[in-house]
Amino acid sequence: MAHDLSLIIGGMELNNPSHRNGYFEVDDIDGWWKAPSRKTRDEARPNDDGDFDSVDHFESRYITIKGAFVAKSPADRWAGADILSSLLSGGSQIMTVRADGIAQWARVKLVDNDNMDWTAYKLLEYSIQVKAVDPRKFGNSEVFTATAGGSSVGVYQRGTYPATPIFTISGNMPGGYRITKGGKTVSVTAPLTSSQTHTLDLSTGILRINGAVATGGLNDYQWNTIAPGLAQNVALAPLTTGTGVLEIEVTDTYM
């Protein structure tokens, strides 16, 4: 394990030697730094060699956290056990792992009850298995800005897996607008007025106008990710007339 490691689940620091109830330690986070299993829909060619190819995807990410807790006092034994057994009991929460200055997070939920064993009077060893139904891990976010009629903006992310950005569009473009990347477009025909803010999440393709879901306003949807690596140019233009500003929020994404 990295020598500088922290693990936080729902606000609880699990690698905290100075917790008020004792010493919390994380020894392993299995499944966090390796890709989850792949799933495929390849089918055998009945009268030929090999298979019919399909696009592969990843299964959910399963993570096993192993560590220990050393209580300060007999009463702290039970407080520490209660803390560990209540993790994620209210549902899924954000899990953040920081190792040697690099932070990544994912939303996880509990797979089964924690495995805890008192191996000494004040020493509790535990194992917790969690599941990220979305197997991607996320890091820092950055916002890029483009203006209608202006030059394109270079958009990038420092992860290792395609990221799905969120658009926020303001201005006055009564005939809608087009967002272009590498010759591919995302077009919105819903009018944009000066009193409105459009938000478009490319992970879902849902357009919201002043926070309310708008149906029928998304005309075409030819691209939805920012690849890791070099910047990709993104531009905003009105479909008819008008001016506007596009904010592109991109989060570093990992698998």
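Asp 30 and Lys 34 are joined through their side chains by a salt bridge, with an N to O distance of 3.6 Å. A salt bridge here is a side-chain nitrogen of Lys or Arg within 4 Å of a carboxyl oxygen of Asp or Glu. The structure is a predicted model, in which local features need pLDDT of at least 70, side-chain atom pairs count only at pLDDT 80 or more, and totals for chains, interfaces and linings use all residues. Residues are numbered from 1 along each chain as its sequence is written, and side-chain values use heavy atoms, with hydrogens and water left out.

The salt-bridge count comes to four. Asp 134 and Arg 136 form another of the bridges, at 2.8 Å, N to O. Asp 134 is partly exposed at 29%, whereas Arg 136 is buried at 18%.

A further bridge links Glu 142 and Arg 158, at 3.6 Å, N to O. Glu 142 belongs to strand E13 and Arg 158 to the loop between E14 and E15, so this pair ties together parts that are 16 residues apart in sequence. Helices (H or I, at least four residues) and strands (E, at least two) are DSSP runs, numbered from the N terminus. Glu 142 is partly exposed at 31%. Arg 158 is exposed at 56%.

The whole structure holds six aromatic pairs. Rings of Phe, Tyr and Trp (its six-membered ring) pair if their centres lie within 6.5 Å; planes under 30 degrees apart count as stacked, over 60 as edge-to-face and the rest as tilted. Trp 78 and Trp 118 are edge-to-face, with 5.9 Å between centres and 70° between planes. Trp 78 lies in helix H1 (residues 74–86) and Trp 118 in strand E11 (residues 115–120), so the contact ties together parts 40 residues apart in sequence. Trp 118 is partly exposed, at 27%.

Phe 144 and Tyr 156 also pair edge-to-face, at 5.0 Å centre to centre and 70° between the planes. Phe 144 is buried at 7%, while Tyr 156 is partly exposed at 25%.

Charges also sit over rings (NZ of Lys or CZ of Arg within 6 Å of the ring centre and within 35 degrees of the ring normal). The charged end of Arg 38 sits over Phe 58, 4.5 Å from the ring centre. Arg 77 lies over the face of Tyr 121, 4.6 Å from the ring centre.

Technical notes. Buried means under 20% relative accessible area, exposed over 50%, partly exposed in between (1.4 Å probe, protein chains only).
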